[in-house]
Amino acid sequence: MSEHLWRSSVKDLDPYIPGQAAQEAKKQEKVSEVIRLATNENQLGPSPKAVEAMINAIQQAHFYPDLTCLELRSKLGELHGIDPENYVVANGADNIINLVIASYINPGDEVVYCTPTFSEYHKNTLLMGGVPVEVPTTKSHKFNLEAMLGAITEKTKIVIVCNPNNPTGTIVDEEELRAFFKRLPKHVVAVLDEAYGEFINLEKYSTGVEYIREGFPVITIRTFSKLYGLAGMRVGYAVASQEQIQPLQRVREPFACNRVAHAGALGALEDIDHKNKTLLDNKREMEKLVKEFRSFGYDVEASHTNFLFVDMKRKTARIAEELASQGIIIRPAAAWGYPTYARISIGTAEQNNKLVKALQEINAKSLHHI
């Protein structure tokens with residue numbers, strides 16, 4: 001069908017470009033094993049309780065799922081101390097972002113956020129005819145809250161804070177964030193994207209659910225893809241005041257979360273041991289990788305996620321190619337405007353050891369050719 005028939009805003013969209021898929025890498029590089037360190041997946045896999053729940057749910061695949069995921073919303077409400085009616089569950093955090101922007105943005109409305117960050121804010125704003133207003137992050141790669149406040153106009157409808165930020169792994173100061181929310185004009189909706197929020201490793205650091213319990217008008221987004229290892233199932237949710245969550249409940253498509261995914265999320269919440277092991281392993285392996293990377297002369301941002309944002313001091317596209325030839329996939333950051341950086345997921349101890357060994361060989365080869 002001819003392009004001139006497309007809706008005008010669709011022409012302005014760039015397709016999402018994911019990290020290299022494992023099957024693609026196997027085919028291209030002719031390797032038997034692929035280590036996926038580009039897409040921030042939980043390398044431990046899902047909880048055994050989640051797997052069991054999903055297998056059982058498959059037996060009922062001929063039935064439609066619960067329309068609003070009441071059981072999961074009830075469990076989340078119990079966990080967070082928030083009314084289950086204040087949640088919307090959908091097909092991953094990407095879908096939730098789409099619902100938030102579709103619920104609030106009219107043509108010409110502005111959405112303010114910092115870059116580099118998750119590209120779906122830009123895409124979904126354009127899709128609704130909105131205007132993305134992109135503010136650079138600080139020199140330490142954190143969301144620049146003061147600059148975001150300065151960018152707000154009468155046309156601004158939404159501000160988005162990705163915290164921890166993707167791809168930098170950084171978080172903003174808690175008191176600065178609290179002050180930021182207090183200073184927002186009444187006509188602006190605050191969105192806090194916490195896809196990696198459970199990885200924040202500071203004691204008593206307030207997250208979105210605390211702000212909502214305190215009465216702040218903040219829409220918080222979370223996912224089961226990262227900590228809970230359900231990236232392939234696509235379960236995300238938003239939580240907010242009843243007033244703010246209502247339009248999402250209206251926009252949300254019926255059956256936005258499938259029966260198997262719903263069961264997996266419930267099982268994942270039950271397995272505290274698996275969650276704690278994920279967090280402990282991630283912390284240990286991250287500390288190990290940071291030490292190794294710095295020994296190579298790389299700059300590494302302090303991260304509150306399950307990945308590292310690494311300045312490798314030369315263009316990472318070539319490094320990524322060499323690693324891919326050995327079956328190790330990382331994410332070059334050139335698309336975010338950082339050609340010497342890479343985003344590298346934290347893998348298992350074995351995977352990380354293979355990565356370090358491969359980088360040692362690449363660096364030695366590079367020095368040999370100087």
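Is E350 buried or exposed? At 54% relative accessibility, E350 counts as exposed, where exposed means over 50% relative accessible area, buried means under 20% and partly exposed lies in between (1.4 Å probe, protein chains only).

The views below show a predicted model, in which local features need pLDDT of at least 70 and side-chain atom pairs count only at pLDDT 80 or more, whereas totals for chains, interfaces and linings use all residues. Residues are numbered from 1 along each chain as its sequence is written, and side-chain values use heavy atoms, with hydrogens and water left out.

View 1. Helices (H or I, at least four residues) and strands (E, at least two) are DSSP runs numbered from the N terminus. N166 counts as buried because its relative accessibility is 8%. Apart from neighbours within four places in sequence, N166 is in contact (heavy atoms within 4.5 Å) with N40, P116, T117, F118, Y196, F307 and R343. With R343 there is also a side-chain polar contact of 2.7 Å; a polar contact is a pair of N or O atoms within 3.5 Å, and within protein one must be able to donate a hydrogen and the other to accept it, while residues adjacent in sequence count only if both atoms are side-chain atoms. N166 and F309 lie 143 residues apart in sequence, yet their C-alpha atoms are 9.1 Å apart in space.

**View 2. Strand β13 (residues 341-345) and the strands paired with it.** Because 5 of the 5 residues of β13 are buried, this strand is largely enclosed by the rest of the structure. In a regular strand the side chains alternate between the two faces of the sheet. In β13 both faces are covered, with Y341, R343 and S345 buried on one side and A342 and I344 buried on the other. Two strands pair if DSSP finds at least two bridges between them; β10 (residues 307-311) runs antiparallel to β13 and is joined to it by 5 bridges, with L308 standing opposite I344. Strand β12 (residues 331-332) also pairs with β13 in the antiparallel sense, over 2 bridges, and here P332 has A342 as its bridge partner.

**View 3. Salt bridges of R178 with E214 and of E194 with R222.** A salt bridge is a side-chain nitrogen of Lys or Arg within 4 Å of a carboxyl oxygen of Asp or Glu. The side chains of R178 and E214 meet at 2.5 Å, N to O, and this pair links distant parts of the chain, since R178 belongs to helix α7 and E214 to the loop between α8 (208-213) and β7 (218-223), 36 residues apart. R178 is buried, with a relative accessible area of 13%, whereas E214 counts as partly exposed at 45% relative accessibility. The salt bridge between E194 and R222 has an N to O distance of 3.1 Å; E194 lies in the loop between β6 (189-193) and α8 and R222 in strand β7, so the pair ties together parts that are 28 residues apart in sequence. Both E194 and R222 are buried.

**View 4. K354 and E350 in helix α13 (residues 349-368).** These two residues form a salt bridge whose closest N and O atoms are 3.6 Å apart, and they are separated by 4 residues, about one turn of the helix. K354 is partly exposed, with a relative accessible area of 32%.

**View 5. A network of salt bridges.** K277, D281, R284, E285 and K288 are linked in this network, and the structure holds 22 salt bridges.
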